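Here is a short briefing to read alongside your viewer. It starts with charged side chains and then turns to a helix.

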Amino acid sequence: MGALVGAGLALAACTGPLSALQPEGPAARGIGTLWWVMLFAGTAIFFAVAAVLTLAFVRPAWLRRFGETRLILWGGLVVPLVILAGLVTAAFALGEQVLVVRQGEALRIEATARQWSWRFRYPGGHETHDLLHLPAGRDVDVALTSEDVIHSFWVPRLGGKLDAIPGHVNVIRLRADRPGTYGGVCAEYCGIGHAPMRFSVEAHEEDAFARLVGLREGAATGAVPDGEGAR
């Protein structure tokens with residue numbers, strides 16, 4: 001009961017603009033689903049082990065009737081293999097939604113990190129600092145690099161995190177289901193100013209997005225260069 005109460009209190013704080021448990025895009029939804037699968041599987045394993053341990057103290061005769069060999073075979077080999085196989089399968093299936101493995105047209109925005117801010121450059125040359133504009137309902141590839149040390153780009157409600165590395169370009173694909181404001185952080189310690197190195201993400205209707213970044217209406221698309229930094 002205490003564990004359940006503690007888990008409830010902990011989960012009660014998992015809301016807000018940086019909550020990975022309130023996904024607003026397909027990649028973040030896949031990560032959130034995987035998190036719940038891991039949580040429930042881990043909880044089931046915990047209670048199963050606790051039950052066996054309790055029986056060992058309270059009703060040791062029950063375990064002896066089961067037999068040492070069968071107990072080791074099922075408890076130490078068969079059941080763990082089945083659980084781990086299920087978790088690995090779920091991780092591979094849902095992980096595909098996080099990576100840029102599909103080819104196709106997507107708006108491309110360049111993101112450059114430096115201690116301790118983010119600069120975003122849009123196809124028309126418009127730039128913003130610590131504020132990323134996105135069109136809602138459309139795939140966007142964010143090309144990440146850094147001017148100094150390694151940083152990590154993370155918008156928990158829209159997708160996974162990916163490193164911004166000096167001299168290298170990594171690409172992460174984001175998609176916001178609807179207009180809104182989301183939080184972003186640097187998820188890699190990068191110096192004494194790391195903690196406040198945050199940025200905001202604003203998702204707009206396509207026409208509003210085009211006006212904000214100086215694009216012609218309907219021009220908020222661009223082909224993704226094959227293979228460059230795709231992960």
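**A buried aspartate and its partners**

D139 is buried, with 18% relative accessible area, which falls under the 20% cut-off. Please keep in mind that this is a predicted model. A search of the whole structure turns up 11 salt bridges, and D139 takes part in pairs with R175 and R173.

**Salt bridges around D139**

- D139 and R175 meet through their side chains in a salt bridge, at 3.2 Å from N to O.
- This pair links distant parts of the chain, 36 residues apart: D139 is in the loop between β4 and β5, and R175 in the loop between β8 and β9 (180-186).
- R175 counts as partly exposed, at 29% relative accessibility.
- D139 also forms a salt bridge with R173, where the closest N and O atoms are 4.0 Å apart.
- Because D139 lies in the loop between β4 (131-135) and β5 (140-146) while R173 lies in strand β8 (residues 170-174), the pair ties together parts 34 residues apart in sequence.

**R173 and D141**

- R173 is buried, with a relative accessible area of 8%.
- R173 has a salt bridge with D141 as well, at 2.7 Å from N to O.
- Here the link runs from strand β5, which holds D141, to strand β8, which holds R173, 32 residues apart.
- D141 is buried, with a relative accessible area of 0%.

**Helix α2**

- Helix α2 (residues 26-58) has 33 residues and reaches 47 Å from its first C-alpha to its last, close to the expected 48 Å.
- Its buried residues are A27, A28, G30, G32, L34 and A41, and what covers them includes α4 (68-95).

Conventions
Residues numbered from 1 in each chain as written. Predicted model: local features only at pLDDT ≥ 70, side-chain atom pairs only at ≥ 80, totals over all residues. Heavy atoms only, no water. Helix = DSSP H or I, 4+ residues; strand = E, 2+ residues; numbered from the N terminus. Expected span 1.5 Å × (residues − 1). Buried < 20%, exposed > 50% of the residue type's maximum accessible area, 1.4 Å probe, protein only. Contact = heavy atoms within 4.5 Å.
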